[in-house]
Amino acid sequence: MTRTTRRTTRGAALRGTAVVGALALTLTACGGGEGDADPEAAAEEGGELTVWAWDPTVEPIAEAYMEANPDVTIEIVNAGTGNDQYTALQNAIAAGSGVPDLAQVEYYALPQFSIGEALTDLSDLGATELDGAFTPGPWTAVSQGEGIYGLPLDSGPMALFYNAAVFDEHGVEVPTTWDEYVEAARALHQADPAVSITNDTGDAGFTTSMIWQAGGNPYTVDGTDVTIDFSDEGSQAFAETWQQLVDEELVAPISSWSDEWYQGLGNGTIATLTIGAWMPGNFESGVPDASGDWRVAPMPQWSEGEQATAENGGSAMSVLESGENDNAALAYDFLEFAANGDGVQIRLDGGGFPATTADLESEEFLEREYEYFGGQKINEVLAQSAADVVEGWQYLPFQVYANSIFNDTVGQAYVSGTPLTDGLASWQEASIAYGNDQGFTVD
Amino acid sequence: MAQAVAVTPPVAPRRRQARRWSGWGFVGPFMAVFALVFLAPIIYSIWLSVFRTQLVGGTTFVGLENYQRALQDDQFWSALGRVSAFLVVQVPIMLGIALLVALAIDSGRLYGRDFFRISIFLPYAVPAVVATLMWGFMYGTRFGLVGNINDALGVSLPNPLSPDLVLAAIGNIVTWEFVGYNMLIFYAALRTVPTSLYEAAEIDGAGQWQVIRAIKIPAIRGALVIATIFSIIGSFQLFNEPSILQALAPNAITTYFTPNLYAYSLSFSGQQYNYSATVAIIMGLLTMAIAYVVQLRGMRKEA
């Protein structure tokens, strides 16, 4: 069985490089063969797995899994965070050796690997039954066309984290719309010029998430046919609003995750962050001085009374086509354990934000009071956000590269007089050029 | 006699052949290592540069298309322009300071000479990555040294990490790092000048300035040429400093800020290994050409 599968997989990989259309057929054939394999039986039989992940909770999950399945050995490799790991993974796939059986992949990077036929379609291994077990945002991200190319490990529905002490001190209302947000930025800055509503030096993930929330669909992807268009309403709404903040120098020119950023969050000079629900843990560990000052509110809206949010960050874990041990059934069994089984609680204990609806709806999760946030039950806000994510968003199959040139293009709006709309236009242009160069049909 | 003539020819080639093989035996290990670590990577880069790999469509042979593309690539030329400006401005400043310090130490009139020499050299011992991080913090206008100066003196210094100034800020870091290194090269060369020349100059009534111009500078011309060539290569390969500062000033330092950074971004975030190899090869050729010209000029003056 193993032998035949391996041959089929190799064959598929070879043919896949030649013709994409033909590959769809081979994949189906391949999937059919693997479908006979029962993940649970594979776990009982035992075997070895190599997992590439940078998330620290993956290690204890693997230990728990090995305890439950003594014949399985799992090796966790930290091949770098985010982009570093993708580069290593891309290289291993190109070389055809040293490919892990499973890898952590962020949602925005997933299409790049699934279009490269590097990921195993999990539908026939039982993933179709999990429809509804995860929140819509992450589930849409792992489902591409007919296939399911990973299971969500966590999610990042966005919310407004704000420093309540700063807002109280200056008597400013917490904004509920983006127009109010701009007003609040002006009011805070007027009250104390050292205070900025937020920091921003141009962040691709944040910008795309904001456009997502505004109902924009700049990327439409259908196989290798890609459309990039930042002239839609959502993109323009974001550009218009954010331009005011940039022009009036109301956003602090501090890059996220820098030392200055942590200081700013701690000393009240950065008053809000609109960011994914995975942020609380970072607040507790990175900004201990401001304990008790911060609160969580729903993401400001583009029109009053709406309830729209977007996802920001978050990772899935995927099974690789040409994995070293070539045991997709076993890999899937572990993946299900990690994403929808006992692994979820381990991740929650480690400070992660779940993508599983059951956990998001559980009393224990929603009722938890966070001392750091002044005893607020922040999960109520965050879980609501997960349910309100706008559907239909797509990332590019080469989003990793597109994001890497964001500061070359859109970022220029933050340091020169270039309007954001022009920045978005040149980002669009550069992304189109790259896409066409890589063999996609982009316009 | 006739016999001897008849015998000699068959022996001679055999002996020559044996000599040839034993020679290879000695050179062999070197040649193997040389081929593996020097030639193979270069050949592999050239091999890469004549192909194109796409996310969709796989790998195709494209001949010199990548080179053609590089020559028409605005981003590549802007990167090259930036390091050329860096070369023209920073290298003379750095070598000038290094020469000044070397001459000062060599003059023997300096109080605390050894301490002075060590402290000038010390920055070179700091890894470039650490040095850049350190300077990056100092350049911060909000919480860094620049920010502190602004607060303390009530002034508003321009942001060293703004797009207009960031190249100068990098020049400052590189100068700080490498003055000591170049100083040491010059100082070592100065120490080899025979003292009899100085005595002769003194007898002729030459002043310090004349000694420097007529004896010291000509005597260390070779070292000056070497230091210049190293600095040219260093400028063209500028990577560490901008790469690290990029996290602090993402909009001022683009992904194509220097040719090396461009090649890096192309291959590591764009998976354009082939084009990246092409950029690297062109830069290598350019660096070689310029270094060669400098060497020729330096040596001709000497002659």
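**View 1. A bridge pair between two strands of chain A.** In this predicted model, Thr220(A) has Thr227(A), a residue of β10(A), as its bridge partner. Strand β10 of chain A covers residues 225–228, and β9(A) pairs with it in the antiparallel sense. This pairing extends over 4 bridges. Strands of a sheet are joined through backbone hydrogen bonds, and the pairing may be parallel or antiparallel.

**View 2. The open sheet that contains these strands.** The sheet has 3 strands in the order β9-β10-β15 (chain A), and its pairing is mixed. At its edges stand β9 (219–222) and β15 (441–442) of chain A. Each of these edge strands has a single partner strand, so one side of each is left without a neighbour in the sheet.

**View 3. The fold of chain A.** The secondary structure of chain A comprises 22 helices and 15 strands. Along the principal axes, the C-alpha atoms of chain A fill a box of roughly 70 × 50 × 35 Å. Of the contacts in chain A between residues at least 6 apart in sequence, 76% join residues at least 24 apart.

View 4. Buried residues account for 56% of the 443 residues in chain A. The chain exposes about 17500 Å², of which carbon and sulfur atoms supply 46%.

Methods
Residues numbered from 1 in each chain as written. Chains lettered and ligands numbered in written order. Predicted model: local features only at pLDDT ≥ 70, side-chain atom pairs only at ≥ 80, totals over all residues. Heavy atoms only, no water. Buried < 20%, exposed > 50% of the residue type's maximum accessible area, 1.4 Å probe, protein only. Contact = heavy atoms within 4.5 Å. Areas by Shrake-Rupley, 256 points an atom, 1.4 Å probe, with all protein chains shown as cover. Pairing = 2+ DSSP bridges.
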